[in-house]
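Welcome! Let us walk through this structure together, one part at a time.

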2 protein chains.
Amino acid sequence: MDDCKALIEKALDSYLPPEDRYPHIIFRAMRYSVLNGGKRLRPILVLTACQSVGGDISLAIPLACAVEFVHSFSLIHDDLPALDDDDFRRGKPASHKVFGEAVAILAGDALLSLAFETIARTKGVPADAVLEVCRRIAAASGAEGMVTGQVVDIESEGKKIPPETLEFMHTHKTGALIEASVVCGGLIGGANQEQLCSLSHYGKKFGLAFQITDDILDIEGDEAKTGKPVGSDLRKQKSTYPALFGLEASREMAKRAVDEAIESISGFGPEADLLRVLAHLVVDRST
Amino acid sequence: MDDCKALIEKALDSYLPPEDRYPHIIFRAMRYSVLNGGKRLRPILVLTACQSVGGDISLAIPLACAVEFVHSFSLIHDDLPALDDDDFRRGKPASHKVFGEAVAILAGDALLSLAFETIARTKGVPADAVLEVCRRIAAASGAEGMVTGQVVDIESEGKKIPPETLEFMHTHKTGALIEASVVCGGLIGGANQEQLCSLSHYGKKFGLAFQITDDILDIEGDEAKTGKPVGSDLRKQKSTYPALFGLEASREMAKRAVDEAIESISGFGPEADLLRVLAHLVVDRST
């Protein structure tokens with residue numbers, strides 16, 4: 001896993017334009033938000049999903065970087081004053097606090113474009129598979145995925161929402177890109193239809209377990225580790241799993257989701273062991 | 001040309017998600033900014049460039065819509081209070097005035113994603129050509145193109161900039177997407193390397209003529225036709241061609257650019273006549 005992460009850090013650095021390019025501020029802003037010690041969960045999912053179907057993970061490196069670019073874009077825009085108005089991200093000042101709102105908006109835009117440019121640069125994989133990857137990542141990033149989830153999140157703030165709305169919000173806001181990372185990692189690895197279906201199911205359940213755990217960490221996490229103040233969801237009157245179902249039931253839901261994720265790839269061999277380990281780690285984490 | 005535009009309007013409508021989908025506001029915002037009576041210059045360039053190399057324009061429809069989605073995304077974000085702070089666009093309230101800043105930012109994001117999803121849905125064209133299109137449109141939309149131009153535009157406001165900076169700003173802010181539209185239309189149409197090179201040259205000169213004319217229309221255009229108040233660049237202390245070179249010299253520069261655009265496709269047959277007509281129209285326009 002550490003090797004995997006080191007590989008990703010190096011690749012992210014190489015796919016980002018250098019910051020001595022004119023006009024410096026935009027390239028500095030792009031690099032500031034991507035190269036910030038993130039968990040690299042989505043890129044790791046891309047690589048391990050590729051490996052799980054016997055694929056060559058080196059071919060999935062561009063996609064791994066692309067999903068991190070999409071993730072970084074979404075965090076920059078989410079933190080803007082007009083949206084979540086967060087001044088800090090992972091314990092460091094948010095992009096708009098460092099570079100101003102205009103450059104933060106544009107840095108997000110540039111990272112989203114860079115994601116598709118990077119996917120299109122994939123080598124050694126059939127072009128039609130890469131196009132399918134492009135289509136799925138675009139769908140997960142836009143109005144069929146993340147953006148829609150964010151809209152529902154904004155509209156729900158301060159309201160008590162039914163469980164269906166909470167689920168809709170999370171399957172779109174965080175779930176869609178996580179699922180797409182897993183499925184597209186499989187596509188790059190040459191997965192067949194049945195394997196893609198299993199990976200999609202794994203991705204959905206993984207995303208759910210991830211989100212519930214995130215909500216729990218907001219309540220009982222260690223601020224020094226999560227990099228965000230405990231209870232910030234509560235203060236913003238965000239709808240969360242613990243708020244709707246209670247802490248104990250939320251923990252049970254997360255564990256069940258992990259079991260279901262692992263069950264959905266039961267037909268896979270030992271190449272999928274890292275996917276299994278990851279599913280356990282996602283609930284047993286402190287950051 | 002009218003047939004071409006009608007075809008594009010119909011296709012834009014069909015590629016945009018319906019606005020009765022939940023959550024309505026984001027789909028309404030996306031449609032509001034795209035279906036607003038724009039000139040459709042970039043989609044028309046895509047189709048005519050495809051035709052100029054003997055290609056089937058029906059195969060270029062997804063790309064034609066995609067470049068308009070990218071263009072709409074850039075207008076929504078440019079108009080935001082943190083950027084150009086424009087309350088009106090083509091005589092109608094800007095997206096952020098109608099839907100609020102948060103939804104305007106997200107609608108722009110969603111349109112950018114939709115552009116790549118739409119390109120990836122191209123049928124009947126070799127997948128490697130479509131991937132190359134995806135790569136070029138992404139480069140033109142992001143930090144190698146539009147975004148960088150916008151950053152330089154913001155940094156230049158209220159300053160007297162040298163001609164090289166003005167040129168850098170425009171070749172990136174408007175030129176890159178116009179050139180990419182022409183070149184990628186050619187790629188979809190099956191252009192060879194020599195033709196792509198000619199189309200790239202045409203696109204660069206076309207973009208220059210377009211921008212200079214835009215700057216001139218800001219001074220002597222008819223407000224009722226352009227949809228923006230006369231002299232708004234002046235009031236915002238924007239650097240423009242007339243401000244740097246004077247009106248007469250700017251007009252000459254635009255005409256020369258048109259001649260050079262037409263010259264660069266002199267090797268093309270009558271299939272390229274529409275590209276020739278367009279180059280003349282771009283300086284002889286009132287909107």
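A residue is called buried if 20 or more other C-beta atoms lie within 10 Å of its own, exposed if 12 or fewer do, and partly exposed in between, with C-beta atoms placed from the backbone. Keep in mind that this is a predicted model, in which local features need pLDDT of at least 70, side-chain atom pairs count only at pLDDT 80 or more, and totals for chains, interfaces and linings use all residues. Residues are numbered from 1 along each chain as its sequence is written, while chains are lettered from A and ligands numbered from 1 in the order in which they are written.

Let us start with Ile161(B). This residue has 18 C-beta neighbours inside 10 Å, so Ile161(B) counts as partly exposed. You will find Ile161(B) in the loop between helix H8 (146-156) and helix H9 (163-188) of chain B; helices here are DSSP runs of H or I with at least four residues, numbered from the N terminus. Ala139(B) sits 22 residues away along the chain, and its C-alpha atom is 25 Å from that of Ile161(B).

Now follow H9(B) to its partner, helix H7 (residues 127-141) of chain B. Their axes, lines fitted to C-alpha atoms over the stretch in contact, come within 9 Å and cross at roughly 175 degrees. Angles run from 0 to 180 degrees between N-to-C directions, and those over 145 count as roughly antiparallel. H7(B) and H9(B) are therefore roughly antiparallel to each other.

Finally, turn to chain A. Of its 287 residues, 53% are buried, and its C-alpha trace spans about 50 × 45 × 30 Å along the principal axes.

Key: Helices (H or I, at least four residues) and strands (E, at least two) are DSSP runs, numbered from the N terminus. Angles under 35 degrees count as roughly parallel, over 145 as roughly antiparallel, 65 to 115 as roughly perpendicular and the rest as oblique.
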